[in-house]
Amino acid sequence: MTAHLKEISKSIEAAQGDLFLEELNRKWNDHNKALQMIRDILMYMDRTYIPNTHKTPVHELGLSLWRDIIIHSGKIQSRLLSTLLELVHRERTGEVIDRGLMRNIVKMLMDLGSSVYQEDFEKPFLEVSAEFYRRESQKFIECYDCGDYLKKAEIRLNEEIERVTHYLDAKSEGKITNVVEKEMIANHMMRLVHMENSGLVNMLLNDKHGDLGRMYNLFRRVPNGLAMIRDVMTSHLRETGKQLVTDAERLKDPVEYVQRLLDEKEKYDGIISLAFSNDKTFQNALNSSFEYFINLNSRSPEFISLFVDDKLRKGLKGVSEEDVEIILDKVMMIFCYLQEKDVFEKYYKQHLAKRLLSGKTVSDDAERSLIVKLKTACGYQYTSKLEGMFTDMKTSQDTMQGFCSSHPELTDGPTLVVQVLTTGSWPTQPSITCHLPFEMSALCEKFRSYYLGIHTGRRLSWQTNMGTADIKAIFGKGQKHELNVSTYQMCILMLFNNADRLSYKEIEQVTAIPASDLKRCLQSMACVKGKNVLRKEPMSKDIGEDDSFFVNEKFASKFYKVKVGTVVAQKESEPEKQETRQRVEEDRKPQIEAAVVRIMKSRKVLDHNNIIAEVTKQLQSRFLANPAEIKKRIESLIEREFLERDN
């Protein structure tokens, strides 16, 4: 057999150029056929003699001889390797090669034993590939932007996987893909992600979902790849978020401010679901970034409440129920990032009260739906007062029906609609009673005696700052209008039934309306075009203490009913903000104390740091407790003998 194979090796060596592999393949097939026949002829020897004498079986012997004499012969070994590598290179550069022949030759190497395949072909193949891709990636990164580079890398990766399925050993797949990943991605990660005008930040800004998805899938294959994308995304998001919440221009319009946050959130949710296959770690990074920058601005809770107020007053008119739900869910998502949920509740209560009392809410279902969502997020206690407000509105309707039926004589003359509000549930200001006109105060007295007649042990105090009134007016040329005004404005206008001209000081004295409210009312009745039922001298935008007022006889409006609003303070002014802040701080004290007492009851003994940690954790759903404040509360509880210090 050896002599025969030496002859064959000469004829293979003699083959020129491309015929070399074909000759080798042909001779290998002949050799295989011959071996099978020889094995069949010598079957008896194979079965009995060879096992006893521990010699090599015939078929195996034939393969070993082929390996040693043909494949490992000096002239064939290096030529075979260089021919195979040359063919792979040609295929990589776009030529078409005979894949069938390649498959047969590679299969021959595998049949001769995995070590032959690995030593004679796979190792050099991987080294050459690494060199090829090192050069190529260098060239690509110089002339392509990030998106195009990633496309090239993806194509190359898929080509190599396809090559393995066509004519290499399946075990090589992991090895060759590792080479491509290392050379084309891992070595250039930093540069790709931070590439000018086309890197990750650019893709995020321009919503390039395709490129982002490709980056995610490629970087996922290399160690620390995803961590890098995540870190860059997080820092970019925090940066843009910080600009969003601290930019003075944007803070002018609370509704726009929250809308921007919602848009940003929606944008990144889209990127994570479409490009980053809903990766949990990316979602967590997104959430922590939002929580970070929303709380940089202490007015976020107020603005979110204003946004909801805007939507529930007018923004949701004609919107289907499903869409309303979607908007409310989005708001809730942003709400969950707030650390100071109790501040939100304060504002929300004020805004809800205004909506309910002015009958301005678009849909009761939407209002209730949001309260249910808040309840789910923060527990029963958080919304109990808000729910109480709805109950009061309902009860007030029933009370009014009872009042009207017991006083049938009230049908002509002024009528009264009263909402009876439970003190604890509504954001009532300390009651400042202004002097109502005689006609009204008589009516109010009737209601008071009726109400206290049905309910015992209750006190009624009038919240004149929250009411509205409709009054009929006749101007100079006999033009009639019905004016819809606030209770304060009604008190001012009624004075002009008995006087032609009144000074600011006189109005203040007779009505006893607080100065800031009085100025606002007068401003809206004398200085707003189209609503100016009064005129003032001297004419100016602001109200001064020395101004005097008289009825604008020339008042004209194309509507019979004219709504004279007060100049609304949409956002709170600084002093109001401070006041709300103080009220919130006051409300927090009993909550902190209750938490401390609850913890100490269950633990009996606990050191200071652990108490602080536990309290913070318990109150997290409402606000972020300040350790200094907790410390003060503990001191106060020790003074009042709820707790004592260990000696």
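A: Met1, Met37, Ile38, Ile41, Leu42, Met45 and Tyr49 make a nonpolar surface patch of about 650 Å². Two helices each give two or more residues to this patch, α2 (19–41) and α3 (43–53). Of these, α2 gives the most, with three residues. To look at one member, find Met45, which sits in helix α3. Met45 has a relative accessible area of 32%, so it counts as partly exposed. Please keep in mind that this is a predicted model.

Let's turn to the charged patches. Glu321, Glu322, Asp323, Asp364 and Asp365 form a negative one. Here too, helices supply the members: α17 (321–337) and α19 (364–378) each bring at least two residues to the negative patch. The most comes from α17, with three residues. Asp323 is found in that helix, α17, and Asp323 is partly exposed because its relative accessible area is 38%.

A positive patch is built from Lys317, Lys360, Lys531 and Lys563. For Lys563, look to strand β6, which covers residues 561–563. With 45% relative accessibility, Lys563 is classed as partly exposed.

Charged side chains also meet in pairs. The model holds 53 salt bridges, counting a side-chain nitrogen of Lys or Arg within 4 Å of a carboxyl oxygen of Asp or Glu. Glu160 has a relative accessible area of 0%, so it is buried. Arg163 is buried as well, at 3% relative accessibility.

Asp309 and Arg355 form another salt bridge, with 2.6 Å from N to O. Asp309 belongs to helix α16 (residues 300–315) and Arg355 to helix α18 (residues 341–358), so this pair ties together parts that are 46 residues apart in sequence. Asp309 and Arg355 are both buried.

Arg501 makes a salt bridge with Glu537, and their closest N and O atoms are 2.2 Å apart. This pair links distant parts of the chain, since Arg501 lies in strand β3 (residues 501–503) and Glu537 in strand β4 (residues 534–537), 36 residues apart. Arg501, with a relative accessible area of 43%, is partly exposed. Glu537 is also partly exposed, at 39% relative accessibility. Returning to Glu160 and Arg163, salt bridges that share partners join them with Glu91, Arg92, Arg99 and Glu162 into one network.

Finally, here is the wider layout. The chain is divided into domain 1 (1–205), domain 2 (207–392), domain 3 (393–454), domain 4 (468–563) and domain 5 (576–640). The C-alpha centres of domain 3 and domain 5 are 40 Å apart. Lys446 is partly exposed, with a relative accessible area of 34%. Its C-alpha atom is 9.0 Å from that of His407, although Lys446 and His407 are 39 residues apart along the chain.

Terms used
Residues numbered from 1 in each chain as written. Predicted model: local features only at pLDDT ≥ 70, side-chain atom pairs only at ≥ 80, totals over all residues. Heavy atoms only, no water. Patch = residues over 30% accessible without salt bridge, like charges linked within 9 Å, V, L, I, M, F, W, Y side chains within 5 Å. Areas by Shrake-Rupley, 256 points an atom, 1.4 Å probe, with all protein chains shown as cover. Lys, Arg positive; Asp, Glu negative; His and termini not counted. Charge placed at Lys NZ, Arg CZ, Asp CG, Glu CD. Helix = DSSP H or I, 4+ residues; strand = E, 2+ residues; numbered from the N terminus. Buried < 20%, exposed > 50% of the residue type's maximum accessible area, 1.4 Å probe, protein only. Domains from an automatic or database assignment.
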